[in-house]
Amino acid sequence: MMKQNFGILPLISAIVLTFASCSEKFITTDGSAWATTYHIVYSGGRDLSDSIEAQIALVDNELSMFNPASAVSAVNAGLTDTVDFYFRAVFDCAAEVSALSDGRYDPTVAPLVDLWGFGRTDKAAAPSDSLIGAVLESIGIADCSIDASGALVRKSPETDFDFSSLAKGFGVDCVADMLERNGCSDYMVEIGGEIRVRGTNPRGEKWRIQIDDPRQGTVHSRYTVLPLGPERTAVATSGNYRNYRADSAGNIYGHTISPIEGRPIATEVLSATVVAPSCMLADALATACMTGSASQAEALIVNAGAAAMLIVAENGDDISTKKIGCLTTNENP
């Protein structure tokens, strides 16, 4: 159920406008992190690029399971059972979304993701039933906890944590929070397609976020546009169609792995775009929407009090759009 690394090709993006003729109080910062790129626009007239890089590095050092020196890697290696604010923040959010999804979303699914070749390994062959069953014994965030002192209790010594499905969103929140602490009332933070906005863009308009057409594979082709702001709002999208493999028999399967069945999940949901108060929550909910049917995804979003747009496969190449909650789209660029 988790995303391989932080850097899957983004499914949403901010529509790039020419801001040269707009207010000079806005600054644009671009860069790369977590095998993807970031694009950040913010008000204030003060260059905060060093602080942006520091926030991204901090999240990487704490939460990236692909960084062998990170705090979560130390936990997974059994080197420590004491965690800090960053681990607790993503753990608590992940546990909440796991409960809302009846266990279909679970960050302890990392060993299964590895088993299917979408994580820290690059295996192509489908694993055996016995191997899947053995790995399932260590899966389950509901059987893990963190006490008041920060001591982590795992389901088993083999239980690993992969917070890739919400750590990038958490990173967006960390950068956005830093901008707010520095007096930025208008901003757009986008890292690898996960976005948080507040206020208005340099033209004094709502921020416009592009949702890609899921039928176009790796090609960015606009499906619709979400206008966001001026209130603090976050958006994230998840989908299987840009990260998949084929087994030796030619069967294609996606990267979303069931922590209950231990196998890739088949769903009619092609992509899920979620709007929520925090990017961490939107990120987790978008991934969770890919773990079941469209009706299960709708129930999840309603119970979470969020909003979403599901793109659902119909017969043949037909697709339909299902909007949940207060979600406005605008086809005009």
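Analyst: Here's a walk through the salt bridges, followed by a helix, a loop glycine and the cores. Bear in mind that this is a predicted model, where local features need pLDDT of at least 70 and side-chain atom pairs count only at pLDDT 80 or more, while totals for chains, interfaces and linings use all residues. Residues are numbered from 1 along each chain as its sequence is written, and side-chain values use heavy atoms, with hydrogens and water left out.

First, the rule: a salt bridge is a side-chain nitrogen of Lys or Arg within 4 Å of a carboxyl oxygen of Asp or Glu. Counted that way, there are eleven salt bridges. Helices (H or I, at least four residues) and strands (E, at least two) are DSSP runs, numbered from the N terminus.

Let's start with Arg263 and Asp129, whose side chains meet in a salt bridge at 2.1 Å, N to O. Arg263 sits in the loop between β12 (252–254) and β13 (269–276) and Asp129 in helix α5 (residues 129–136), so this pair ties together parts that are 134 residues apart in sequence. As for burial, the cut-offs are under 20% relative accessible area for buried, over 50% for exposed and partly exposed in between (1.4 Å probe, protein chains only). Arg263, at 33% relative accessibility, is partly exposed, and Asp129, at 57%, is exposed.

Now for Arg196 and Asp173, which form a salt bridge of 3.1 Å, N to O. Glu180 and Arg198 make another bridge, at 3.4 Å, N to O. Glu180 lies in α6 and Arg198 in β7, so that pair ties together parts 18 residues apart in sequence. Arg198, at 30% relative accessibility, is partly exposed. These residues belong to a network of salt bridges linking Asp173, Asp177, Glu180, Arg196, Arg198 and Arg232.

Over to helix α8 (residues 294–304), where Ala294, Ala297, Leu300 and Ile301 are buried. Seen down the axis, the buried residues of α8 fall within an arc of 120°, so they line one face of the helix; the arc is that of the directions from the helix axis to the C-beta atoms. Facing away from that buried side are the exposed Ser295, Val302 and Asn303. The buried residues of α8 pack against α3 (85–100), β13, α7 (279–289), β14 (307–313) and β15 (319–324), contact meaning heavy atoms within 4.5 Å. After α8 comes Gly305, with a positive phi near 70°.

Another glycine, Gly103, is in the loop between α3 and α4 (110–115). Leaving aside neighbours within four places in sequence, Gly103 contacts Ser98, Pro259 and Ile260.

Finally, the cores: a nonpolar core is a set of buried Ala, Val, Leu, Ile, Met, Phe, Trp, Tyr and Cys residues joined through side-chain atoms within 4.5 Å. The largest one has 69 residues, and Phe87 and Phe163 have the most contacts inside it. Not counting residues up to four places away in sequence, Phe163 touches Val72, Phe87, Val90, Phe91, Ala94 and Pro107. A second, separate core has 18 residues, including Tyr223, Leu226, Val275 and Ile311.
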